[in-house]
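I opened this notebook to record what I looked up in the model, one entry at a time.

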Amino acid sequence: MFLDNRQVAMDSLLEALADSLDYFQDNLERLRPSLRETLKPHYDERDAAMHELQTLAKKHLRLLPRDADVERDDYLWLWSRLKSFVGNDSQVLIGELLEQERVLMQALATVHTHPLPDAIEPVIERCWKNCRALIRELYRIQKQRR
């Protein structure tokens, strides 16, 4: 089954959301408890929005969920751990989380270029706001650590 451009954009967004959540979960032990508590509500909100978006995409765009790219996740985790040996682990992790947000913002921007069903629009807006809030929080944390 071939996907149209709108479905491809939504699929890319769902993949970026899942990658972001997976990366956060995979690196929880590397975060100090105070950072974990600060960031967790952002990711909990994102998880809820992603599940809602998956349901809406299936209903309105006939888009079926895909499995995450496990090999890519393993590679990103290993690469991040290697960088931590030569730099500050917290700073490396914050940088990696910011990179995840950059990818997510690109996917959100691409989805915004396509006509979307009315039911999906508010969820996309919540994802956008969540991403912006998390970026601000990550930069605030990064600035405090320098």
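This is a predicted model: local features need pLDDT of at least 70, side-chain atom pairs count only at pLDDT 80 or more; totals for chains, interfaces and linings use all residues.

Entry 1: Residues are numbered from 1 along each chain as its sequence is written, and side-chain values use heavy atoms, with hydrogens and water left out.

**Entry 2: the aromatic pair.** I found 1 aromatic pair in the structure. The ring centres of F24 and Y43 lie 3.9 Å apart and their planes stand at 5°, so I recorded the pair as stacked (rings of Phe, Tyr and Trp, the last by its six-membered ring, pair if their centres lie within 6.5 Å; planes under 30 degrees apart are stacked, over 60 edge-to-face and the rest tilted). The pair links distant parts of the chain, with F24 in helix 1 and Y43 in helix 2, 19 residues apart; helices (H or I, at least four residues) and strands (E, at least two) are DSSP runs numbered from the N terminus.

**Entry 3: helix 1 against helix 2.** How do the axes of helix 1 and helix 2 cross? The axes of helix 1 (residues 5-26) and helix 2 (residues 33-61) come within 10 Å and cross at roughly 150°, the axes being lines fitted to C-alpha atoms, for helices over the stretch in contact, and the angles running from 0 to 180 degrees between N-to-C directions. Helix 1 and helix 2 are therefore roughly antiparallel (over 145 degrees; under 35 is roughly parallel, 65 to 115 roughly perpendicular and the rest oblique). Among the residues making the contact, I listed L17, L21 and F24 of helix 1 and Y43, R46 and M50 of helix 2, contact meaning heavy atoms within 4.5 Å.

**Entry 4: helix 2 against helix 5.** Helix 2 and helix 5 (residues 121-145) pack at about 160°, with axes 10 Å apart, and are therefore roughly antiparallel as well.

**Entry 5: a buried glutamate.** I located E101 in helix 4 (residues 89-111), and E101 is buried, with a relative accessible area of 0%. Leaving aside neighbours within four places in sequence, E101 is in contact with S20, Y43, R46, C131, L134, I135 and L138.

Notes. Buried means under 20% relative accessible area, exposed over 50%, partly exposed in between (1.4 Å probe, protein chains only).
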